[in-house]
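Hi,

Here is the structure I promised to pass on. Have a look at it first, and then read my notes below.

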Amino acid sequence: MGDWQFTVLLLSNGVLIGLMYSLIALGFVLVYKATDAINFAQGEFVMISGFVAAAGLMVWGTPLWLAVALALGGMIVLGFALERVMLRRLIGRPVIAVVMATIGLASILRGVGPFTIFSGTKPLPLPIREEPFLVGPLFIPPIQLLGAGVSIGFLAAFGWFFLKSRKGIAMRAVADNQQVALAMGINVERYFGVAWAMTGIVSALGGVLWGNLLGVDVNLALVGFKVFPVVILGGLDSIPGAIVGGLIVGIVENMAAGYIDPYVGGGTKDFAPYVLMIAALMVRPYGIFGKKIIERI
Amino acid sequence: MSALVEIREVSKAFGGVQAVTRVSLDVTKGEIVSVIGPNGAGKTTVLNMVSGFYHPDTGRIALEGRDVTDLAPSRIAELGVARTFQNIALFRGMTVLDNLMLGRHVHMKSGVLSSFLYWGLAQKEEVRHRRRVEDIIDFLKIQDLRTRPTGSLAYGLQKRVELGRALALDPKVLLLDEPMGGMNQEEKEDMARFILDVNEEWGTTIILIEHDMGVVMDISDRVAVLDMGQKIAEGTPDEVRANPAVIKAYLGEPKASAKEARRG
């Protein structure tokens with residue numbers, strides 16, 4: 001295999017994996033955009049959806065569509081319930097309160113999953129072919145192609161929603177200024193609930209796709225950590241940012257794995273995105289597409 | 001006929017500070033009523049209670065005879081009360097058109113899910129609301145600003161767009177918190193004209209807070225004067241102007257009174 005072919009292979013895998021990161025990052029961005037809350041439990045949302053879907057398939061013996069529907073429905077309910085029970089009470093409190101609450105939530109979900117659904121690792125088989133497509137130098141696992149496709153579909157749908165639909169614009173209004181949104185007759189709390197439910201939907205799909213790729217156990221939540229470099233690079237409140245950030249993280253990971261790991265014996269793949277994240281924080285803390293907020297002092 | 005807005009003996013304290021004490025005010029349909037008073041008199045607090053942002057500690061507020069004292073601001077907006085804010089409160093990063101369309105929110109029926117599923121319905125609704133917004137754009141003479149982001153507009157125009165957004169609610173009652181604050185003379189005259197036109201053309205009842213006495217006296221049917229959280233006078237502009245308690249409280253220092261006496 002030639003050098004350029006190797007590079008193209010790394011690139012294409014980076015793009016596909018990156019788009020799957022974008023899907024999860026989208027969940028994070030949706031909540032941040034609408035409610036200003038930083039959700040440290042994003043990975044756990046993905047994990048718990050994976051648990052529900054895998055349990056449906058492997059434990060309760062439901063067909064795939066029902067397992068996915070259970071994960072989707074469960075996450076929508078969880079999203080609404082969390083807003084109602086927990087996050088609504090934290091409105092107007094310092095950011096750290098929400099951060100701590102979601103970190104606590106993350107731990108609870110990590111405990112509750114194995115405790116109530118199943119323990120150990122379960123596969124989450126999807127009825128798609130396992131052998132990769134070989135296109136020229138490219139080596140494309142079908143699951144990653146599906147994941148990338150689902151990501152692009154949802155990113156486009158939510159992008160349209162926020163830019164073009166009146167309800168999406170209302171949600172942006174809520175994010176911009178709650179007081180004024182209230183004066184417009186916008187039921188701010190309902191929109192908060194909807195934002196969390198949307199995150200639930202995205203997380204459920206992320207859970208099914210990543211669950212298939214990695215297998216379902218508590219470690220599935222770790223994929224959530226990749227959200228942070230994605231959103232820091234792209235911008236916390238930007239949907240295009242989630243795409244670009246995801247692509248960067250996916251590509252950097254693969255490049256590190258292909259070009260650096262062989263010399264140092266491996267491992268750089270896992271931390272390279274974070275090096276980039278820290279560098280980005282120093283140079284452009286609001287991300288590539290994020291809103292530059294000028295604080296008045 | 002009972003008043004459109006009845007404010008009955010409302011009081012509000014923040015911590016130990018009594019911001020508003022037993023203030024009553026009736027506003028009849030079609031009136032322009034100004035609330036004036038020195039800084040810290042409690043004017044904005046009264047406005048915030050009418051629009052539901054604060055709930056009075058005691059007393060009650062009714063709209064068309066219906067008790068709205070403890071309703072959420074979004075509910076009160078749905079019942080036909082629109083407001084503007086003291087500091088410009090446009091949604092930044094959105095166009096003038098998007099801001100005005102948000103004013104139509106209370107009249108939009110389709111939900112979040114249906115905006116995904118029944119795109120056609122949402123489109124039909126959009127056209128209807130867009131027509132109303134275009135009327136307001138024409139009315140306020142901001143045709144060429146439609147697609148401009150609000151942040152890029154001059155101050156006076158931002159205030160005008162904010163008025164337009166409130167008008168887009170088709171309100172029965174319009175609450176304006178210092179609509180001319182920070183404007184130059186020309187902008188003030190434009191705004192005063194628009195306020196009068198809104199009142200005339202659509203019969204909208206208007207309650208406004210304003211510091212510019214000239215404007216207040218020109219456009220108001222009635223004026224209520226607050227001082228230190230209490231209503232000290234109410235009446236036509238002429239009555240209020242002649243009221244010694246008002247002159248003392250509002251104009252304050254003897255020097256200003258002397259000037260007023262010389263002029264009058």
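What covers the buried residues of H5(A)? Before the reply, two remarks on the model. This is a predicted model, in which local features need pLDDT of at least 70, side-chain atom pairs count only at pLDDT 80 or more, and totals for chains, interfaces and linings use all residues. Residues are numbered from 1 along each chain as its sequence is written, while chains are lettered from A and ligands numbered from 1 in the order in which they are written.

Now the cover: it includes helix H1 (3-35), strand E2 (138-140), helix H6 (166-176), helix H8 (188-214) and helix H10 (239-264) of chain A. Helices (H or I, at least four residues) and strands (E, at least two) are DSSP runs, numbered from the N terminus. Among the buried residues of H5(A) are A:Phe154, A:Phe158 and A:Phe161; buried means 20 or more other C-beta atoms within 10 Å of a residue's own, exposed 12 or fewer, and partly exposed in between, with C-beta atoms placed from the backbone.

Over in chain B, B:Lys141 has a positive phi, near 55°, though it is not a glycine. B:Lys141 sits in the loop between helix H5 (119-139) and helix H6 (155-167) of chain B. With 11 other C-beta atoms within 10 Å, B:Lys141 is exposed. B:Asp170 also has a positive phi, near 50°, and lies in the loop between H6 and strand E7 (173-177) of chain B. B:Asp170 has 15 other C-beta atoms within 10 Å, so it counts as partly exposed.

Enjoy exploring!

Definitions and conventions. Two residues are in contact if their C-beta atoms, placed from the backbone, lie within 7 Å.
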